[in-house]
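Here's a quick briefing for anyone meeting this structure for the first time. Have a look at it, then read on for the aromatic rings and the helix packing.

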Amino acid sequence: MNDLPDYELHRTPSEPSPPTLSPTRPTGLWVAAVLLIAAAGVAAYIAFGWRARPVPTAATPAPTASEKAPPPSLGGKGEPITIPPLDASDALVRTLIRALSENPAVTAWLTTNGLIRNFTVVVANMADGATPAKHLRALRPSSAFRVVERAGNPYVDPRSYDRYAVIADAIASVDPTGAARLYATLKPRIEEAHRELGSSDRSFDRTLERAIIALLDTPILDGPVRLKPKGIGYAYADERLERLTSAQKQFLRMGPRNVRIMKARLREIALTLGIPPIQLPGR
């Protein structure tokens with residue numbers, strides 16, 4: 001049995017970079033504005049008695065993807081409170097999150113600065129398949145990653161999973177309804193932080209949705225997990241596991257008990273946010 005430093009699942013040179021953020025459909029605010037302008041135009045059209053133009057005989061083109069109604073905004077309606085500017089938002093975020101959970105891991109994260117920016121970049125990393133470990137140093141386990149040898153082959157020592165129990169319990173302690181309401185309340189500043197990442201043309205709702213779906217799509221390994229040496233650390237011997245994204249592999253190594261707990265609560269949060277059940281991977 002070996003005691004080894006925890007390894008980071010960074011991308012290897014052969015692993016493709018996370019996809020860049022691309023334009024999405026209009027937000028509800030823009031759709032509402034367009035509808036108001038259209039309604040005003042129709043009212044003026046009728047009031048001044050203009051005649052309708054002849055209907056063209058050619059078939060009307062099908063609406064493009066950008067003309068379709070946008071998906072509903074996640075989280076519903078937030079609390080009617082004034083949100084400070086992004087750079088001054090930490091105090092309010094700490095107050096609101098402490099009302100949701102007093103778990104030690106949550107408390108540890110709240111001692112850091114730039115909470116909304118941190119949350120935003122962590123979610124964006126996971127959505128793009130990258131591990132967010134470097135942005136969550138306050139939650140990094142203090143004990144080392146361990147392996148055990150069986151028949152000359154390295155396996156994950158199940159005791160390594162215990163290091164992540166506090167994080168799983170922190171997720172389990174979060175009230176889904178309160179989390180959804182908090183997200184909706186802070187969304188203006190979250191979207192602002194998201195734009196700072198160069199993603200002004202993409203709704204953070206979709207990024208959050210992709211991150212949750214990716215984690216829910218991570219398998220749960222109840223049996224022994226065989227490894228193989230790779231550089232100064234290890235990789236999964238099962239190539240199917242190695243083909244998972246870095247974020248999914250980071251999640252996977254938290255162990256079956258913790259992954260199961262976190263996936264169950266993430267599913268509840270996803271449904272409470274308003275993500276359609278049909279879009280969520282199976283249990």
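Phe 119, Tyr 183 and Phe 204 are linked into a cluster by ring pairs, where rings of Phe, Tyr and Trp (its six-membered ring) pair if their centres lie within 6.5 Å. This is a predicted model, so to speak of local features takes pLDDT of at least 70 and side-chain atom pairs count only at pLDDT 80 or more, while totals for chains, interfaces and linings use all residues. Residues are numbered from 1 along each chain as its sequence is written, and side-chain values use heavy atoms, leaving out hydrogens and water.

**The ring pairs**
- Searching the whole structure turns up two aromatic pairs.
- Phe 119 and Phe 204 have ring centres 5.9 Å apart and planes at 55°, so they're tilted (under 30 degrees is stacked, over 60 edge-to-face, the rest tilted).
- That pair links distant parts of the chain, with Phe 119 in helix H4 and Phe 204 in helix H7, 85 residues apart.
- Tyr 183 and Phe 204 are tilted too, with centres 6.2 Å apart and planes at 40°.

- Phe 119 is partly exposed at 30% relative accessibility, while Phe 204 is buried at 0% (buried is under 20% relative accessible area, exposed over 50%, partly exposed in between, with a 1.4 Å probe and protein chains only).
- Tyr 183 is buried as well.

**Helix contact**
- Tyr 183 and Lys 187 are among the H6 residues that meet H7, where Phe 204 and Leu 208 are among the partners (contact means heavy atoms within 4.5 Å).

Note on methods. Helices (H or I, at least four residues) and strands (E, at least two) are DSSP runs, numbered from the N terminus.
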